Amino acid sequence: MSLSRPDAAPAKPILFHGSTGDYFPIWLKNTLLRLATLGIYGPWARANDRRYFWGATSLDGVGFERHDDGWKIFVGLLLSGLILGGGVMVLQFAVMFVSSTVPGQQESSALGGVAVGVSLLIPLFLLVALSYMYYKGLRYRCRVTSWRGLHFRFLGDWKGTALNLLIAPVMVNMFSMYLLAPLGSKISATYLVKNIEWAGRKVHPGDDMGKIWAGLGVGLLMGVVLVAPIAVLVGLIGAALGAGALFAADSMEKDQAFFMIILVAYGSMLLIFMPFAHIFLASFRVGVRNGVWHRAQLEGLAQLQCQLSPWRAAWIAGSSLYATLFTLGLARAWAKVRMWRFLVSGLSVVMLGDLAAAVASHQPEIDAIGDGPLDDAGIGGL
Amino acid sequence: MSGVDGQLFAPGYAQSSLARLTRKGDTLCLSTTAGETTAPIAQLKISPALGAAQRRVEWPNGWVFVTFDAKGLEALLGRAPTPARRLALAAAIVIGLVLTGLGLWFGLPAAADLAAALTPPALERELGAMTVRALEHETKPSAATEAQRAAALAVAARLQGDAPLTLVIRDGGKIGANALATPGGTVVVTDQLLRLLAGDDEALLAVLAHEQGHVARRHGLRVMARSALIALAFGVLVGDVGSLTAVVADFGHQIAVNAYTRDFEREADAFAAEKLHRLGVSPLALARALEKLAANDKSHAEPPAYLSSHPPTAERVAALKTLAEQAGYK
């Protein structure tokens with residue numbers, strides 16, 4: 001227990017006012033319209049979701065606000081898709097073109113060199129384009145979020161984003177063979193947090209590597225425990241099929257059984273690994289949140305407390321996954337509400353200064369390019 | 001007088017004051033300890049209702065009133081849900097479900113076929129050329145003799161008209177006795193198939209007519225378009241869930257695509273039967289070829305019907321026998 005002054009003031013909890021019954025109609029409308037429009041409604045559904053979850057979350061009696069606009073997300077998705085997809089396609093064609101002009105099987109060293117050079121451009125292009133998208137996406141996410149009428153702002157730039165969100169984690173993971181993955185995640189998360197601004201004040205992130213390691217350990221353990229039932233089930237089905245094949249009367253049935261065994265073996269790789277990754281990541285990400293958000297300070301104004309249980313995170317992710325599968329997706333609304341309520345439940349704020357001093361530092365401007373790539377990378381969230 | 005309690009913010013300031021919103025005719029009245037102000041409802045920017053989310057009322061001068069009393073605000077604005085509105089909402093949900101179902105069942109294949117129909121033939125030929133290159137990668141150069149090759153080309157020549165047909169002969173290797181139509185009209189047949197059907201030119205003619213059916217009805221392109229749209233639909237269905245559900249969706253996708261390709265196989269069989277009949281050949285020639293292929297492929301069991309891209313051989317043979325009888329063959 002620290003004896004520093006901030007902990008003496010009472011912490012105000014961040015509260016979630018929503019419920020499954022409340023959210024279900026919103027979710028149903030989103031899902032039906034997405035289906036009916038083959039996904040084109042997606043950006044509007046996303047905007048509705050965010051306005052609901054943030055809008056039903058409050059601190060000190062005032063709700064957070066999201067100002068997402070479906071059209072802007074739509075245009076942003078379109079642009080980022082065109083830039084990322086188009087860029088990679090153009091470069092791939094360039095590589096194909098250069099390699100096909102190399103005569104016959106004989107490698108002309110000059111042209112071969114050009115082909116190699118062009119193909120090296122693809123990762124370079126991806127690095128630059130992705131970091132720009134991430135940077136724009138973070139700016140967007142912050143600017144469309146407000147509390148007490150003041151919008152948040154992201155102060156980072158694209159070079160910092162490239163270095164901290166892409167290059168550093170990849171390097172750390174590569175050289176430590178993923179053994180130091182928590183370090184890479186901490187570098188990224190710290191960069192995100194310290195570049196958030198509200199009312200002209202910066203955030204000073206917390207720094208507790210131990211909590212990130214705890215998230216990792218709990219994630220690995222709970223991943224194994226919660227996936228065990230699937231593994232046992234898959235094993236039993238495999239064994240039953242194997243026995244069936246051994247005792248099958250005619251060769252035709254035997255063949256069918258063997259065919260199914262191969263199918264089960266292939267499916268089980270995915271059936272076991274993917275839920276494991278889902279559960280593990282839930283714990284691990286909570287560990288990262290605890291590590292960088294707990295005791296984070298908004299300069300002179302507030303101190304955040306973030307004490308989420310990685311055990312509960314894994315349990316919620318795992319049980320929600322089973323429920324969603326068994327209800328063919330219907331439990332999805334419940335699962336989303338449950339996860340959001342959990343993430344909010346661990347957050348509280350100690351006010352250090354007077355809100356009278358908090359005034360807007362900027363006018364928000366909004367374009368949503370980069371919002372999609374952020375989602376794909378699992379960055380952001382609460 | 002009923003009212004709604006909330007907080008009031010000046011633009012750009014985080015400090016708030018408690019405020020109460022009341023209604024007088026077509027205007028709303030905002031009262032704080034500092035005084036009150038009124039504005040016509042039409043001039044206010046009011047955020048739409050969204051469950052328990054905080055509501056926001058923006059005044060013409062930029063001041064913002066927020067409240068968590070969403071129900072109170074709706075009542076104040078005279079929008080509280082009536083039984084008629086609830087009924088309309090329930091009806092909208094049911095209609096939405098039905099329309100979505102119909103759209104997926106009928107609309108999706110129709111949209112995919114439209115996309116295929118709008119695809120320029122040049123692009124289709126290019127897709128076909130890519131497929132042929134991929135197939136050449138999977139197979140080996142043909143070991144057929146010049147005489148075998150000439151005989152096969154002569155059989156193919158009988159089918160000219162209706163749709164382009166360019167024969168390519170390869171050593172099938174792993175894919176064994178097989179014939180594959182690619183978009184644009186190139187049909188790849190394997191040495192193994194020629195050997196299997198040697199001495200029965202009508203059976204080879206029937207197999208090639210079946211493949212020509214795929215080309216004529218642009219099945220390759222239509223499967224691609226349908227597959228892409230189904231993938232999209234499943235992606236939307238399981239949406240942002242990711243991970244495990246993606247696997248389930250992938251499985252569902254394959255089953256749905258298989259249902260389409262089974263339909264296309266039946267269509268190509270019918271095309272071949274009709275074409276054979278015009279050439280004076282019994283549709284039973286195709287049944288013979290199918291049975292020979294099935295017998296040759298005994299080592300591999302037929303998977304359960306829903307997992308297969310082709311209908312069961314027995315079903316196809318039975319259908320061809322019916323067609324042959326209708327056309328007057330014994």
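Predicted model: local features only at pLDDT ≥ 70, side-chain atom pairs only at ≥ 80, totals over all residues.

Q: What part of chain A is buried?
A: Buried residues make up 47% of its 382 residues.

Q: And which helices-and-strands count does chain A come to?
A: Chain A has 11 helices and 10 strands.

Q: What share of chain A contacts between residues at least 6 apart in sequence join residues at least 24 apart?
A: That share is 78%.

Q: Where is the nearest cysteine sulfur to A:C142?
A: It belongs to A:C306 and is 17 Å away. A disulfide needs the sulfurs within 2.5 Å.

Q: Is A:C142 buried or exposed?
A: A:C142 is buried, at 12% relative accessible area. In chain B, B:C29 is buried as well, at 1%.

Q: Over to chain B. In what order do the four strands of its open sheet run?
A: The order is β8-β9-β11-β10, with mixed pairing.

Q: Which strands stand at the edges?
A: β8 (140-141) and β10 (179-181) of chain B do. Each has a single partner strand, so one side of each has no neighbour in the sheet.

Q: In which sense do β9 and β11 of chain B pair, parallel or antiparallel?
A: Parallel, over five bridges. β9 covers residues 166-171 and β11 covers residues 186-190. B:T166 stands opposite B:T186 in β11.

Key: Residues numbered from 1 in each chain as written. Chains lettered and ligands numbered in written order. Heavy atoms only, no water. Pairing = 2+ DSSP bridges. Helix = DSSP H or I, 4+ residues; strand = E, 2+ residues; numbered from the N terminus. Buried < 20%, exposed > 50% of the residue type's maximum accessible area, 1.4 Å probe, protein only. Contact = heavy atoms within 4.5 Å.
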